[in-house]
Amino acid sequence: MHVIFSFAVDLSSAVFSLSLSPLASQKEEEAMLRRALRRAATQISASFYPVSNPTILRFCGSSGPGSSQEETVARQMIQYALGHARSQKSGESYAQAMLVMEQGVSNLQERGGKSAEDAMGLLMLAMSTLLYDSGELRDAMEKLQMVQQLGGASLSIRVAALESLIGLKLELGEDDVSQILADDCFELLRNQSDGGAFSVLNSRAKAIKGLADLAIGELKTAESLFCDKDFKLDEDKHQKGNAILSYGVYLHATGNFSLAKDLYERAIKLFEAKDGSDYSYTAATNMIPEEILLGAACALGQLLSQSGKFHDAEEVLTKALNKAESYFGSTHPKVGVLLTCIALMYKHKAKMEASSSILIQEGLYRKAIDLLKAPGLDSEVNDIPFDGRDIATLARGGYAEILSIQQNRRAEGERMRKWAEATWKNRRLSLAQALEFSEPSQMAVIDTRICRVL
């Protein structure tokens, strides 16, 4: 504990000194921080110990008995950096956390070797997560691509980087690229020996490819992956959280509500442990355990709503909304995704129970559209991608329905409806199908990990 405490003191002292010198230049600030980090890294390297609190380490995987000294040092740096960023939740704390991990990568590059590359891979996964949380998706992708250049890094780290990179491409609507990357993941595994570790990674590769196929409406291809004899969820289940959730989404979208519900509840149970001490998970960006937990809860709430269990659905979705606000902040686009799900729940409830919730729905849609930063109705966005396109368009479509039933606002509703229909690009469902309860095999499922309608 003394080593990490010294690490914290060095960094805090540097920051405090800068706060007393408001005229310090950015270069001086970075130089001071880097000097503190070098001292701390030297102390950690000289006296490392196994990390006892793995909560923060869910971003990159917990230490195992075979961990090298370099990996242990990297995890300690990650624990401190991410802990600092999470506790402060400020732009400054995030920048300082990035400096900590950048210094760690710099130190490891001087050492070289497989252990150093594994440690660098862990740091880069954590850095990409931090960048993703800050809304810098393209910078996050750059870090994940750098992991792929670490030829000596372990297979689990490289697969985690590819899985996360595919997840980001799906979130950005770059579906063709996601398909290519999914094939790259299979190619990476092609010549590997069989065994438990390989089986886990193979199932994760199949699941992320299945998710990419769902995004473009290729249900048959997705089915071939999820129903393949090599797709297994029982062994080392803790490393298959994303696979469990993706399979659940596939079953949900194709009408198998019962099994989908079981898988959602299984994923929630796996990752709801408060301290995370019973598992490790190598992942980054929108594929980390917190995202799995949020995604499973949101999908379960949607399923309960589509099953007519509105009281249970409202309870589950409200808890998911609270988790999203606590983890990402109340103004994050992910909160807009949850608000859209809740608005749709109220829409379906009003229809099934012949009740009215116009004001509630309108408030939820307006807030969701604002948080998702949807382009204005006058913008021509038909062929221009924008973040959160699926959900923002769905929210606008739902809002248009609310306006259209109000006589004095029909013109506004019609204008919004035309925008939503022109902007909707889902390859499996029409906008009308996504907004309505249709046949079980045509259910729309919002996946909060990638902010897509599947």
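**View 1. The largest pocket and the helices around it.** Helix α15 gives the most to the lining of the largest pocket, with three residues. In this predicted model, the largest pocket has a volume of about 600 Å³, and of the 27 residues that line the pocket, Asp133, Ser134, Gly135, His332 and Pro333 are the closest to its centre. Two or more lining residues come from each of the elements α4 (91-111), α5, α14 and α15. Sorted by class, the lining of the largest pocket has twelve nonpolar, eight polar and seven charged residues.

**View 2. Helix α14 packed with helix α15.** Two packed helices are described by the angle between their axes and the distance between the axes. For helix α14 (residues 310-328) and helix α15 (residues 333-353), the angle is about 165 degrees and the axes lie 9 Å apart; because an angle over 145 degrees counts as roughly antiparallel, α14 is described as roughly antiparallel to α15. The crossing in which α14 passes α15 is left-handed. On the α14 side, the contact is made by Phe310, Ala313, Glu314, Leu317, Ala320, Leu321, Ala324, Glu325 and Phe328, while the residues of α15 that take part include Lys334, Val335, Leu338, Leu339, Ile342, Met345 and Tyr346. By class, the contact of α14 with α15 has 15 nonpolar residues, together with one polar and five charged residues.

View 3. Rolling a probe the size of a water molecule over the atoms shows where empty space is left. One cavity of 30 Å³ or more is counted in the model, and about 160 Å³ of space lies in the largest cavity. The largest cavity is lined by 18 residues, and Gln302, Gln306, Leu344, His348 and Ala444 are the ones that lie nearest its centre. Helices α13 (289-306) and α15 are the elements that give two or more residues to this lining. The lining of the largest cavity divides into twelve nonpolar residues, five polar residues and one charged residue.

**View 4. Helix α3 packed with helix α5.** The axes of helix α3 (residues 69-88) and helix α5 (residues 114-133) come within 8 Å and cross at roughly 15 degrees, which means that α3 is roughly parallel to α5. The crossing in which α3 passes α5 is right-handed. The contact is made on the α3 side by Glu70, Glu71, Ala74, Arg75, Ile78, Leu82, Ala85 and Arg86, and on the α5 side by residues including Ala119, Leu122, Leu123, Ala126, Leu130 and Asp133. In this contact of α3 with α5 there are ten nonpolar, two polar and six charged residues. Asp133 is also one of the residues closest to the centre of the largest pocket.

**View 5. Helix α3 packed with helix α4.** Helices α3 and α4 pack at an angle of about 170 degrees, and their axes are 7 Å apart; the two helices are therefore roughly antiparallel to each other. Among the α3 residues that make the contact are Met77, Tyr80, Ala81 and His84, and among those of α4 are Tyr94, Ala97, Val100, Met101, Gly104 and Leu108. The contact of α3 with α4 divides into eleven nonpolar, five polar and three charged residues. Ile78 and Leu82 of α3 take part in this contact and also in the contact with α5.

Note on methods: Residues are numbered from 1 along each chain as its sequence is written. This is a predicted model: local features need pLDDT of at least 70, side-chain atom pairs count only at pLDDT 80 or more; totals for chains, interfaces and linings use all residues. Side-chain values use heavy atoms; hydrogens and water are left out. Axes are lines fitted to C-alpha atoms, for helices over the stretch in contact, and angles run from 0 to 180 degrees between N-to-C directions. Helices (H or I, at least four residues) and strands (E, at least two) are DSSP runs, numbered from the N terminus. Angles under 35 degrees count as roughly parallel, over 145 as roughly antiparallel, 65 to 115 as roughly perpendicular and the rest as oblique. A crossing is left-handed if the near helix is turned anticlockwise from the far one by less than a right angle, and right-handed if clockwise. Contact means heavy atoms within 4.5 Å. Ala, Val, Leu, Ile, Met, Phe, Trp, Tyr, Cys and Pro count as nonpolar, Asp, Glu, Lys and Arg as charged, and the others, Gly among them, as polar. On a 1 Å grid over the protein atoms alone, a cavity is a set of points where a 1.4 Å probe fits but cannot get out, and a pocket is an open set with protein on both sides within 12 Å along at least five of seven lines; lining residues have an atom within 4 Å of a point. Grid points are joined across faces, edges and corners, and a volume is the space filled by probe spheres set on the points.
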